[in-house]
Amino acid sequence: MPTAGSCWSLIIALLLSLGIAPSWAVESRAWVTLSNCEYVAAKDNDGDSFSVRSGTNEFTLRLYYVDAP
């Protein structure tokens with residue numbers, strides 16, 4: 001019969017493995033730097049998301065953890 005100490009050790013080991021496992025699943029990619037960006041007026045622009053143009057490409061950017069009307 002398992003002791004209370006061994007049960008806690010198993011629980012802690014499982015919690016640690018769950019915390020580490022997602023980092024293995026994420027593929028790391030290099031950051032992309034956009035140069036010569038210009039703001040694009042669009043109906044979807046608001047306080048925390050907006051459109052920009054870099055060269056011939058247009059992107060919609062969202063500022064996470066910003067809640068603005």
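This is a predicted model: local features need pLDDT of at least 70, side-chain atom pairs count only at pLDDT 80 or more; totals for chains, interfaces and linings use all residues.
Residues are numbered from 1 along each chain as its sequence is written, and side-chain values use heavy atoms, with hydrogens and water left out.

The chain contains one helix and three strands, arranged along the sequence as α-β-β-β. Helices (H or I, at least four residues) and strands (E, at least two) are DSSP runs, numbered from the N terminus. Of its 69 residues, 10% count as buried, that is, under 20% relative accessible area with a 1.4 Å probe, protein chains only. The chain exposes about 6400 Å², of which carbon and sulfur atoms supply 63%; the areas come from the Shrake-Rupley method with a 1.4 Å probe. Among contacts (heavy atoms within 4.5 Å) with a separation of 6 or more, residues 24 or more positions apart account for 2%.

Not counting residues up to four places away in sequence, Asn45 touches Tyr39, Val40, Phe50 and Ser51. The table gives polar contacts of its side chain, a polar contact being a pair of N or O atoms within 3.5 Å; within protein, one must be able to donate a hydrogen and the other to accept it, and residues adjacent in sequence count only if both atoms are side-chain atoms.

| Asn45 group | Partner | Distance |
|---|---|---|
| Asn45 side chain | Tyr39 side chain | 2.8 Å |

Conventions:
Buried means under 20% relative accessible area, exposed over 50%, partly exposed in between (1.4 Å probe, protein chains only).
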